[in-house]
Amino acid sequence: MKNALILLIGISTFFSSCTHKEPVSYSSTGYLRGQFLSNIVCGYGYVITTGSTSQKFMDPLPVGSGIDLKTATFPIKINYNWHKKADPNPCNFILIDAIVKAD
């Protein structure tokens, strides 16, 4: 009985330590162009271009992105997920949900 209990505890510890993380699929690909200094209303932020579209966002990036905006060399090819920041949003900023450097 004691051996069965020890085995059960060992198996439960093993399976609880295994984490299965689903891979993230990215909806957009573009280039992180760097920081922009805008007018007084919008302040500063960063620019991402996708084709002929430019989007602006404010830092920080999601944790674990591997991109340090303060030391990065721009442009950086990226894959990312985003959504529009809630209103009021006169500067049309977006929020980055997930981002990673593209190969």
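Predicted model: local features only at pLDDT ≥ 70, side-chain atom pairs only at ≥ 80, totals over all residues.
**Strands, cores and loops**

Colleague: What makes strand 1 and strand 4 a pair?

Modeller: Two strands pair if DSSP finds at least two bridges between them. Strand 1 (residues 28–37) and strand 4 (residues 76–84) have five bridges, in the antiparallel sense, and therefore meet that condition. A strand is itself a DSSP run of E of at least two residues, numbered from the N terminus.

Colleague: In what order do the five strands run in the closed barrel?

Modeller: The order is 1-2-3-5-4, and the pairing is mixed.

Colleague: Why is Asn-81 called buried?

Modeller: Buried means a relative accessible area under 20%, exposed means over 50%, and partly exposed lies in between (1.4 Å probe, protein chains only). Asn-81 has a value of 16% and is therefore buried. This residue belongs to strand 4.

Colleague: What does the side chain of Asn-81 reach?

Modeller: The side chain of Asn-81 reaches the backbone nitrogen of Ser-27 at 2.7 Å. Asn-81 also touches residues beyond four places away in sequence, among them Val-24, Tyr-26, Leu-95 and Asp-97, where contact means heavy atoms within 4.5 Å.

Colleague: Why are Lys-84 and Asn-92 called partly exposed?

Modeller: Lys-84, at 47% relative accessible area, is partly exposed because its value lies between the two limits. Asn-92, at 48%, is partly exposed too, so the conclusion follows from those limits again. Lys-84 is in strand 4, while Asn-92 lies in the loop between strand 4 and strand 5. Asn-92 is one of the contacts of Lys-84, and has a positive phi of about 55° although it is not a glycine.

Colleague: What makes a set of residues a nonpolar core?

Modeller: A nonpolar core is a set of buried Ala, Val, Leu, Ile, Met, Phe, Trp, Tyr and Cys residues joined through side-chain atoms within 4.5 Å. The largest here has 13 residues, and those with the most contacts inside it are Leu-32, Phe-57, Ile-67, Ile-78 and Ile-96. Strand 2 (44–50), strand 4 and strand 5 (93–101) each supply at least two residues of this core. A second, separate core of five residues includes Cys-42, Val-47, Cys-91 and Phe-93. In soluble globular proteins, nonpolar side chains tend to be buried together.

Colleague: Which peptide bonds to Pro-75 and Pro-88 are cis?

Modeller: The bond from Phe-74 to Pro-75 has omega near 0°, and the bond from Asp-87 to Pro-88 has omega near 5°. Pro-75 lies in the loop between strand 3 and strand 4, and Pro-88 in the loop between strand 4 and strand 5.

Methods
Residues numbered from 1 in each chain as written. Heavy atoms only, no water. Helix = DSSP H or I, 4+ residues; strand = E, 2+ residues; numbered from the N terminus. Polar contact = N/O pair within 3.5 Å; in protein donor to acceptor, adjacent residues only side chain to side chain.
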